[in-house]
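Good morning. I have one structure to go through today, and I will take it region by region. Please have the sequence open beside it.

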Amino acid sequence: MTPNTPTHPIAMVDLEAQYQKIKPQLDQAIQQVIDSTQFINGPQVGQFARNLAQYLGAGKVIPCANGTDALQIALMALGLKPGDEVITVPFTFVATAEVIALLGLKPVFVDVHPDTFVIDENKIEEAITSRSRCIIPVHLFGQGANMEAIMRIAQKHNLYVVEDNAQAIGADYRFADGRTQKFGTIGHIGCTSFFPSKNLGAYGDAGALFTNDEALGEEISLIVNHGMKVRYYYDSIGVNSRLDTLQAVILDVKLPHLDEYNAARQAAAARYDRAFSGLRGVTVPKVAPYSNHVYHQYTLTLEEGRDRLKDHLQGAGIPTGVYYPVPLHVQKAYRGYGYKEGDFPVSESLAHKVLSLPMHSELGGEVQDYIIEQTIKGLSL
Ligand SMILES: *Cc1c(COP(=O)(O)O)cnc(C)c1O
């Protein structure tokens with residue numbers, strides 16, 4: 001151990017320190033829900049939805065039970081039929097492809113950009129067939145996809161766009177004319193997750209859908225609650241995917257802090273960038289020219305020695321993550337779709353090169369200095 005080894009264990013995400021700063025408001029909000037016993041569909045759920053819609057500039061926000069459900073409900077609301085094709089990336093969390101498969105749709109993968117890790121818009125058109133219905137860009141690690149280009153392609157080919165915004169809530173897309181809009185509100189439907197470690201995290205599972213299309217908003221509202229319009233009358237086939245009132249109040253207390261949480265992540269990322277830029281064999285995460293970045297993850301790309309660095313950091317008490325170690329097209333569960341090793345070289349290469357360092361809203365100070373020092377040391381091994 002070096003002399004300046006922090007005394008507390010270092011976490012990928014420090015939820016404890018964040019909680020301490022807003023503990024009185026959170027504890028009170030939670031207690032109020034328990035006192036009211038309105039655990040399901042309490043009025044605070046609608047209140048949070050309206051506050052989030054206002055923050056995002058979205059026509060409507062429909063909360064649901066988790067981000068995976070949000071994606072599934074989006075595809076259900078679009079009325080896609082078995083055999084329809086949905087274009088997405090193999091370099092993402094499994095949920096994106098899982099819901100496509102679960103609904104009997106076909107995932108059609110498109111490779112990602114090597115520097116921003118998001119869908120390569122230049123490769124989308126070659127994946128489009130007569131069965132294509134929808135594109136799901138994933139705004140990965142806090143960096144969004146090129147939405148203007150994607151919307152143009154979607155419009156030309158009459159496709160829906162569902163944004164997987166689980167990792168980039170609060171990030172802004174900048175249009176060519178200078179106008180900005182929140183990621184997740186540009187496609188037909190946006191989906192997000194409030195999994196505790198996400199940039200806006202609940203204290204359990206939670207998620208939401210956003211849309212500016214009134215009819216889609218209506219349909220989504222039905223689907224999340226069993227397709228029920230009037231109690232015990234079912235207009236659509238739905239699911240049980242409501243947001244708990246307890247999670248809604250927790251999120252509503254945290255929402256006004258989201259910009260400050262994202263700014264803290266950006267400050268920590270800038271510090272990492274200053275320390276690592278220019279070091280040989282390592283690339284810091286790129287910010288696309290059309291957006292800002294909210295650093296759900298801070299992900300380095302190592303030309304070689306990724307696992308050596310990971311082991312070194314682990315030995316120094318620093319946790320890291322490999323998101324994602326195996327692209328979806330070569331996962332056992334997804335082999336039935338006919339893909340093979342070599343089909344998506346960028347995703348396959350990134351799987352061996354990426355390493356995510358601790359990143360959260362409370363990072364900084366001596367802890368981050370120590371992570372930086374040990375990372376530089378590990379890189380020179
Ligand atoms: C977290 C995540 C999801 C799923 O969200 P859950 O709330 O865990 O179901 C979907 N897509 C991406 C890219 C994610 O990071």
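I will start with the ligand, then move to a few helices, a strand and some loop residues.

First, a caution: this is a predicted model. Everything I quote is computed from it.

So, the ligand. The space it takes is the largest pocket. There are 14 residues around it, and those that come nearest are Gly 67, Thr 68, Gln 167, Ser 193 and Lys 198. Which helix gives the most to the shell around the ligand? That is helix α4, residues 67-77, with three residues.

Now the polar distances. An oxygen atom of the ligand lies 2.8 Å from a backbone N or O atom of Gly 67. For Thr 68, a polar side-chain atom is placed 2.5 Å from an oxygen atom of the ligand. Asp 164 faces a nitrogen: one of its polar side-chain atoms lies 2.8 Å from a nitrogen atom of the ligand. As for cover, the ligand taken alone exposes 380 Å², and the protein buries 93% of that.

Staying with helix α4, look at Gln 72, which has its place in that helix. Is Gln 72 buried or exposed? Its relative accessibility is 18%, and the cut-off for buried is under 20%, so Gln 72 counts as buried. Leaving out residues up to four places away in sequence, Gln 72 touches Val 99, Leu 102, Leu 103 and Val 239.

Next, helix α8, residues 245-254. This helix is mostly covered, with nine of its ten residues buried. Reading along, the buried ones are Thr 245, Gln 247, Ala 248, Val 249, Ile 250, Leu 251, Asp 252, Val 253 and Lys 254. Note that the list includes Asp 252 and Lys 254. What do these buried residues pack against? There are helices α1 (15-21), α2 (23-36), α3 (43-56) and α9 (258-276).

Where does the chain come back to meet it? The C-alpha atoms of Arg 242 and Cys 64 are separated by 4.5 Å, although the two residues are 178 residues apart along the chain. Setting aside residues up to four places away in sequence, Arg 242 touches Ile 40, Asn 41, Cys 64, Ala 65, Val 224, Asn 225 and His 226. Its side chain also makes polar contacts. One, of 2.9 Å, joins it to the side chain of Asn 225. Another, at 3.4 Å, goes to the side chain of Asn 240.

His 226, one of the residues touched by Arg 242, is found in the loop between α7 (214-224) and α8. Its phi is near 65 degrees, a positive value in a residue other than glycine. His 226 is partly exposed, with a relative accessible area of 35%.

Phe 117 also has a positive phi, near 70 degrees, and again the residue is not glycine. Phe 117 sits in the loop between β3 (106-109) and β4 (132-135). With 4% relative accessibility, Phe 117 counts as buried.

Thr 301 is buried, at a relative accessible area of 9%. Beyond its neighbours within four places in sequence, Thr 301 is in contact with Phe 117, Gly 281, Val 282, Thr 283, Leu 350 and Lys 353.

Leu 350 and Lys 353 take us to helix α11. Both are among its buried residues, along with Val 346, Ser 347, Glu 348 and Ala 351. The buried residues of α11 pack against β11, α10 and β12 (354-357).

Which peptide bond is cis? The bond from Tyr 323 to Tyr 324 is cis, with omega near 10 degrees. Tyr 324 is found in the loop between α10 (306-315) and α11 (345-353).

That is where I will stop.

Note on methods:
Residues are numbered from 1 along each chain as its sequence is written. This is a predicted model: local features need pLDDT of at least 70, side-chain atom pairs count only at pLDDT 80 or more; totals for chains, interfaces and linings use all residues. Side-chain values use heavy atoms; hydrogens and water are left out. Buried means under 20% relative accessible area, exposed over 50%, partly exposed in between (1.4 Å probe, protein chains only). Helices (H or I, at least four residues) and strands (E, at least two) are DSSP runs, numbered from the N terminus. Contact means heavy atoms within 4.5 Å. A residue is near a molecule or strand if one of its heavy atoms lies within 4 Å of it. A polar contact is a pair of N or O atoms within 3.5 Å; within protein, one must be able to donate a hydrogen and the other to accept it, and residues adjacent in sequence count only if both atoms are side-chain atoms. Accessible areas come from the Shrake-Rupley method with a 1.4 Å probe; for residues, only the protein chains shown count as cover. On a 1 Å grid over the protein atoms alone, a cavity is a set of points where a 1.4 Å probe fits but cannot get out, and a pocket is an open set with protein on both sides within 12 Å along at least five of seven lines; lining residues have an atom within 4 Å of a point. A molecule sits in a cavity or pocket if more than half of its atoms lie within 2 Å of its grid points.
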